[in-house]
Amino acid sequence: MDNGSSLFLLSTFELPSAIQVLIFLPTYMAAVLTNLLLIATVALCAELHKPMYVFLCNLAVGDIIGCTSFVPMQLHILLTGDRHIPFTSCIMQMFWINVFVSNEFLTLAVMALDRYVAICYPLRYHAIVTMKRSFAVLLLTWTMCVAIQLVIHLLIMRLTVWVPICQLQGMFCDHGGLLKLSVSNTRVNEVCGLAGVVLTVVAPLCMMAFTYWGILRQCVKMSSKDFNRKALYTLITHFSVLTICSLVVFTLVLVPRLVGDSRSAFVRTVTLSVQFPVIVVPIANVLIYFFRTKELRKASVKYCQKLFPGSVACFTSHKVCIIED
């Protein structure tokens, strides 16, 4: 049948709609606002105009795209009760979610390489990592993300689903879920999807493993405790973000393939529970870098003081307090 006339049903948690709105809306607003604040802080503070913070802003842009690609649709479902999504809208939603995931890993790989050069080749860092090269690398990562996902999703559009209305198990459209509903041969889609995962997830992870190993080796060679402390602090910060992102993504990929009957309510609940942390990743990224990067905290204080001159922001290494004049 013509996919253009097909509709898909997205799932929601077995909770009252009002409670779900109270969960999704504040979380989504927090994710968007914190990432916008990060981008604004870096853009307005000249001392943050460095490659590291440009990469961090790129991560924030991808995070905003990721949560915006599905949360507004979920809120629409909760407020109207209409769980239908057209085939083309489903494809677009899945495209941007996959671009978000691809950008997350590729950007983290670039950030890891940046820290590797800064720690292992400090005297050559400014000659190797320039702002011009940084923007060129980010343009390349976005080109890779969009090009790879474009091929994968164009191949999906040629598939045929077997009924006019299909039930999806999650709160957003996913590659595996659509392939299960197709009556067409999906071998090419599976191979291309696997190739996309290798290029945008496995390859970046291998690069990050290489940089981690290089940084640890440099720490062993150096006798300076201060150098080792700063290097390991940087490594742990990056690894914290990577761990959260990897756990969410790999759980998203593995759980639907390990659970039983895809039509059962239990599977829907598990799938939804696995997908929800996607909206938490953008908040976690900002908070980790904010609380573990002194330069960023200081710039944020300065920026907030300009916006709210009646307040004095006091930041310690463990907490943030605002004292009204």
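Biologist: What makes the meeting of the side chains of Glu-295 and Lys-50 a salt bridge?

Modeller: In this predicted model, the side chains of Glu-295 and Lys-50 come to 2.8 Å, N to O, and since the cut-off between a Lys or Arg side-chain nitrogen and an Asp or Glu carboxyl oxygen is 4 Å, the pair therefore counts as a salt bridge. The two residues belong to distant parts of the chain, 245 residues apart, with Glu-295 in helix H12 (residues 294-307) and Lys-50 in the loop between helix H1 (17-44) and helix H2 (51-68).

Biologist: Why is Glu-295 called partly exposed, and why is Lys-50 given that description as well?

Modeller: The relative accessible area of Glu-295 is 28%, and that of Lys-50 is 35%; buried would require under 20% and exposed over 50%, so a value in between is called partly exposed.

Biologist: How many salt bridges does a search of the whole structure find, and how do you know that Arg-115 forms one with Asp-114?

Modeller: The search finds 2 salt bridges. For Arg-115 and Asp-114 the closest N and O atoms are 2.8 Å apart, which is within the 4 Å limit, and the pair therefore qualifies. Both Arg-115 and Asp-114 are buried, which means that each has under 20% relative accessible area.

Biologist: What makes the link of Cys-90 and Cys-173 a disulfide?

Modeller: The S to S distance is 1.9 Å, and because the cut-off for two cysteine sulfur atoms is 2.5 Å, the pair is called a disulfide. A search of the whole structure finds 1 disulfide. Cys-90 lies in helix H4 (residues 87-120) and Cys-173 in the loop between strand S3 (165-167) and helix H7 (175-181), so that distant parts of the chain, 83 residues apart, are linked. About the S-S bond the angle is -125°, and the link is left-handed.

Biologist: Are Cys-90 and Cys-173 buried or exposed, and why does Cys-45 count as buried?

Modeller: Both Cys-90 and Cys-173 are buried. Cys-45 has 6% relative accessibility, which is under the 20% limit, and Cys-45 therefore counts as buried.

Biologist: What does the protein look like as a whole, in helices and strands, in the share of buried residues and in accessible surface?

Modeller: The protein has 12 helices and 5 strands, and 46% of its 325 residues count as buried. Its accessible surface comes to about 16,400 Å², with 72% belonging to carbon and sulfur atoms. Among contacts between residues at least 6 apart in sequence, 77% join residues at least 24 apart.

Technical notes
Residues are numbered from 1 along each chain as its sequence is written. This is a predicted model: local features need pLDDT of at least 70, side-chain atom pairs count only at pLDDT 80 or more; totals for chains, interfaces and linings use all residues. Side-chain values use heavy atoms; hydrogens and water are left out. Helices (H or I, at least four residues) and strands (E, at least two) are DSSP runs, numbered from the N terminus. Buried means under 20% relative accessible area, exposed over 50%, partly exposed in between (1.4 Å probe, protein chains only). Contact means heavy atoms within 4.5 Å. Accessible areas come from the Shrake-Rupley method with a 1.4 Å probe; for residues, only the protein chains shown count as cover.
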